[in-house]
Each structure stands twice: as C-alpha cells, then as structure tokens.
Amino acid sequence: MEATSGVEEEPKLRHVEKDVLIPKIMREKAKELCSEKVQAFTKCCQDSGILMVVKCREENAALKECLTAHYTNPAFYEECKADYLKQREAFRATGIRPNQKEQRVPTSDQLLGELASIIL
C-alpha cells in the first residue's frame, strides 16, 4: 500500500456525471452568460415566424459562437464540475436535492382554504 502525501484525491466521477450531469450545468450557465444572444435569437424567431430559418441566421450564429466558447473552455468545465460536486456533497449530507429546497409544501390551512374556495 502506498502512503498518501496529504494531498486530497480528485473525487471520482461516474460516466453519467461526466457526460450528462456536468454538461447540463454547463448548458444552464452558458445560457445565462449568453442571455443577450439568447434573447436576440428568441425575438428574431418570434418576429420571423416560419421564415426564422432564413432570417435569423446571424443571431443563430452569434448564439452558437457564444455557447461553443463556453462549452470548449476547460476552466468553465472545471467551474461547473466544482458546482456539481458541491451539490452532490450537499445532497449526500441532507438527502435533499437542490431543486427540492425551493419547493414549499402547502400547509393544511392553505389546502383547506383552497378547497373551500373551490366548493363555494
């Protein structure tokens, strides 16, 4: 057996974490970082209707360029990987997924009030 030198080991990631979960975080963050280009492309598509394929090429190219710049950036991958590892660690400690923290369970009083408004 080898002795560890006190350096923390890199956490092992499963295939699904490397190829699905971390890229999902990258896509979400890249959309936020490229939000101006996303909005411009969305507006162009809404204004152009069925001709969006032809009319929105410039906006689509700018959006693709912005997103690709983030997707191919190794530092951005490492940042998203660190975010994922924090989320994974929090889930393992609490058993609550990050998206479940935001959801609120209605109280019995709220449910009774809604039921009463439906009946009346």
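Colleague: What should I know about the model before reading values from it?

Modeller: The model is predicted, so local features need pLDDT of at least 70 and side-chain atom pairs count only at pLDDT 80 or more, while totals for chains, interfaces and linings use all residues. Residues are numbered from 1 along each chain as its sequence is written, and side-chain values use heavy atoms, with hydrogens and water left out.

Colleague: How many helices and strands are there in the protein chain?

Modeller: Helices (H or I, at least four residues) and strands (E, at least two) are DSSP runs, numbered from the N terminus. Here the protein chain has seven helices and zero strands. Read from the N terminus, the order is α-α-α-α-α-α-α.

Colleague: What share of the residues counts as buried?

Modeller: Buried means under 20% relative accessible area, exposed over 50%, and partly exposed in between, with a 1.4 Å probe and protein chains only. Of the 120 residues in the protein chain, 18% are buried by that rule.

Colleague: How many disulfides does the structure hold?

Modeller: A disulfide is a pair of cysteine sulfur atoms within 2.5 Å. The structure has two. With bonded cysteines counted along the chain, their pattern is 1-4, 2-3.

Colleague: Which cysteine is bonded to Cys34, and where do the two lie?

Modeller: Cys34 is bonded to Cys66, with 1.9 Å between the sulfur atoms. This pair links distant parts of the chain, 32 residues apart: Cys34 is in the loop between helix H1 (15-33) and helix H2 (35-48), and Cys66 is in helix H4 (residues 57-71). The angle about the S-S bond is -85°, and the link of Cys34 and Cys66 is left-handed. Both Cys34 and Cys66 are buried.

Colleague: Why is the disulfide of Cys44 and Cys56 called left-handed?

Modeller: The sulfur atoms of Cys44 and Cys56 are 2.0 Å apart. The torsion about their S-S bond is about -100°, so the disulfide is left-handed. Cys44 lies in helix H2 and Cys56 in the loop between helix H3 (52-55) and H4, so the pair ties together parts that are 12 residues apart in sequence. Cys44 and Cys56 are buried.

Colleague: How do H2 and H4 lie to each other, roughly parallel or roughly antiparallel?

Modeller: Axes are lines fitted to C-alpha atoms, for helices over the stretch in contact, and angles run from 0 to 180 degrees between N-to-C directions. Angles under 35 degrees count as roughly parallel, over 145 as roughly antiparallel, 65 to 115 as roughly perpendicular and the rest as oblique. The axes of H2 and H4 cross at roughly 155° and come within 9 Å. H2 and H4 are therefore roughly antiparallel. Contact means heavy atoms within 4.5 Å. In this one, Lys37, Val38, Ala40, Phe41 and Cys44 of H2 meet Glu59, Asn60, Ala62, Leu63 and Cys66 of H4.

Colleague: At what angle do H1 and H4 pack?

Modeller: The angle is about 135°, and the axes are 10 Å apart. That makes H1 oblique to H4. From H1, the residues Met26, Arg27, Ala30, Lys31 and Leu33 meet Leu67, His70 and Tyr71 of H4.

Colleague: Which residues does Lys29 touch?

Modeller: Lys29 is in helix H1. Not counting residues up to four places away in sequence, Lys29 touches Phe76, Glu79, Cys80 and Asp83. Lys29 is partly exposed, at a relative accessible area of 22%. The C-alpha atoms of Lys29 and His70 are separated by 9.0 Å, and these residues are 41 apart along the chain.

Colleague: Is Lys55 buried or exposed?

Modeller: Lys55, in helix H3, has 52% relative accessibility and counts as exposed. Leaving aside neighbours within four places in sequence, Lys55 is in contact with Cys44 and Ser48.
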